[in-house]
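Some questions and answers on this structure follow. Each answer sets a value against its definition.

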Amino acid sequence: MDDIDLARRGLRQSATYDPATIHAIQRAAETGIYDIRGGGAKKRVPNFDDLLFLGATLSRYPLEGYRERCGTDVVLGGRHGAFPLHLDIPVTIAGMSFGALSGRAKEALGRGASEAGTSTTTGDGGMTPEERGQSKHLVYQYLPSRYGMNPDDLRKADAIEIGIGQGAKPGGGGMLLGQKISERVAGMRTLPMGIDQRSASRHPDWCGPDDLAIKMGELRELTGGEKPIYVKMGASRTYYDVKLAVNAGADVVVVDGMQGGTAAAQDCFIEHVGIPTLAAVPQAVQALQELGVHRKPDGVQLIVSGGIRSGADVAKALALGADAVAIGTAAMIALGDNDPRLEDEYRAIGSSAGYYDDYQDGRDPSGIATQDEELASRFDPIEGGRRLANYLRVLTMEAQTIARACGKAHVTHLEPEDLVALTVEAAAMARVPLAGTTWVPGTPVGM
Amino acid sequence: MDAMTETKVRELDLSETTLRAVNSLLQGRSVEGVDPLEAGESVVIRHARGAHAVAVGMDDPRRVVIQGSVGYFAAGMNQQAEVVIEGSAGVGVAENMMSGIVRVLGNASQSAGATAHGGLLIIKGDAGARCGISMKGVDIVVGGSIGHMSAFMAQAGRLVVRGDAGDALGDSIYEARIYVRGAVKSLGADCVAKEMRPEHVAELEELLTAAGFDDDPHEYTRYGSARKLYNFNVDNHSAY
């Protein structure tokens, strides 16, 4: 029955109690537990789609689309004398754990990233040999749980990312339900098989920015100062958090907006805690600029994640001041997650291709977000890696296309002046004018 | 190791040598103008003066004596080495230790032995809050008392306390075992007192002996996980 039929019968849907809300109340009443799912915020929030580029016309000079070079390489993490990462493209792979993902999926991420000349990142649960082996540039996440954390793996990494939080759940810890605590995952995390594993939300041996500086000192002592140190945070009080991270000694800051995905969290947490990526980027850039470290040779680089889907998103993030972006959900889709060819199987577990987000339950038909051996064996890491590399190339070419149209010889030359906003909200968050006007609404934080 | 090698001792003075140079030597990295340490050569670190991250990341069966007190993360992530701190230790001593022995002759601040996977941490005096937090296989023996939230989310290993324990001992504990001789102010969620069976008396005696104490193990109470929170159950909501 469609909306017109309902309206003709005099039935009116409540905007407050819509069918999804009613279902959520009924589900809570039946089960007595909150809804846990994967992915990022599903609600519509101001995002990169609300920005447009001002292509070159008479007042700006474009680059020839298929002839003139537009650089895409980035260097990350050299501020304190570490060996920086030299990446060919400004798109990196975000941290996703072995445990949340299968070993084959992690291998595919490494393969795809390496083929495209970029980095991938471990996650909660430690470093797997297949991931290290296939990743030319591997960032090792140093997380509150320290599951599987050991000094040998820290030294094998090309950079260290201290995880403070993630965009899907700033202030929250991790969660890996018992269905995915296989023998190998349990062994790596020193946990009993089959338990519902909850990772701490705070680091066990430091708290606050002053301690963080000392922790970074320890990690630099451990690695002889060779590894760049990233600090990753969920977007919330981003302006202040970035300043604290930089003052503590971060080489790279990673800001993850609320559209960024997770393997498992409470739906109410994902949807109601944190701020959109669009609102976080200018805050982070402002903080870096005020500290004099934004886009400087010995500066601090900014990686932005949370809802990056296309080369246009990449270009817009860079134009707002990011040095690179990171992708997680989009990388999983590129590998084969939510593939419509698996529609029957998604339906069999109560979902549908394009809607599947129950990464926590370990029954992912694509074989990506699972520890079930039969499901995982369906996934071909070589084919998955090839698909990811293709996708990364497309993102890069799309960003180059836009950069050339704006007259830029390097994608990081894009700037806020190249952007306008379609909505007042986006204009205020991104701090660019509403299209057709010179109006930038709002007062930036810290002003 | 022969007798000649055993007696060889290198003195490193943190008032004259940088921390990076000291740690690099201990980790087997080359340091310009300084001879590398020989196999089995012991080290004495002078003038620690509360420095952070002293003797972190060693991976060598070497004895290191630190004269004075140290700051945060002393002997962090240690592998194989025996580190003696002739003073007190700041936050996170022997954090994430993998193996070896770390001995603190004074007191230790909070998060002693945090997340450590193996080895033996001995604290002669008291330890602060969160001692053994998220421990993953280490053995910790504390001569005095420990602070609140100790052994929080402790996954594996053994924590021995000759004195008292503060609030919320063993909150959300997994498979670690805790032995306390004195009073426990309160137990955390899912942590319960358990029977001292002969195998527990035996392992406790072994731990006390290894740490240089000769207490009667029968004076201790064992604590561990009730395993009721291993899988989420809404009926346990009030425990979280």
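**Terms and values**

Q: Which residues outside its sequence neighbourhood is B:Glu95 in contact with?
A: Beyond four places in sequence, B:Glu95 contacts A:Asp205, B:Phe73, B:Gly76, B:Ser111, B:Ala114, B:Thr115 and B:Ala116. Contact means that the C-beta atoms of two residues, placed from the backbone, lie within 7 Å. This is a predicted model; local features need pLDDT of at least 70, side-chain atom pairs count only at pLDDT 80 or more, and totals for chains, interfaces and linings use all residues. Residues are numbered from 1 along each chain as its sequence is written, chains are lettered from A and ligands numbered from 1 in the order in which they are written.

Q: What makes B:Glu95 buried or exposed?
A: The count of other C-beta atoms within 10 Å decides: 20 or more is buried, 12 or fewer is exposed, and in between is partly exposed, with C-beta atoms placed from the backbone. B:Glu95 has 30, so B:Glu95 is buried.

Q: Where in chain B is B:Glu95 found?
A: B:Glu95 is in the loop between strand E4 (82–86) and strand E5 (101–104) of chain B. Strands (E, at least two residues) and helices (H or I, at least four) are DSSP runs, numbered from the N terminus. In space, B:Glu95 is 7.5 Å from B:Ala75, C-alpha to C-alpha, although 20 residues separate them in sequence.

Q: Which residues touch the most other members of the largest nonpolar core?
A: A nonpolar core is a set of buried Ala, Val, Leu, Ile, Met, Phe, Trp, Tyr and Cys residues joined through C-beta atoms within 7 Å. The largest has 201 residues, and A:Val253, A:Val325, B:Ala55 and B:Leu121 touch the most other members. Helix H10 (residues 277–290) of chain A gives the most to this core, eight residues. Contacts of B:Leu121 beyond four places in sequence include B:Ala94, B:Met97 and B:Val138.

Q: How do you know that strands E8 and E9 of chain B pair?
A: Two strands pair if DSSP finds at least two bridges between them. E8 (residues 156–161) and E9 (residues 177–180) of chain B share four, in the parallel sense. B:Leu159 has B:Ile178 in E9(B) as its bridge partner.

Q: What is the strand order of the open sheet in chain B, and which strands are its edges?
A: The order is E1-E2-E3-E4-E5-E6-E7-E8-E9-E11-E10, 11 strands with mixed pairing. The edges are E1 (9–13) and E10 (191–194), each of which pairs on one side only.
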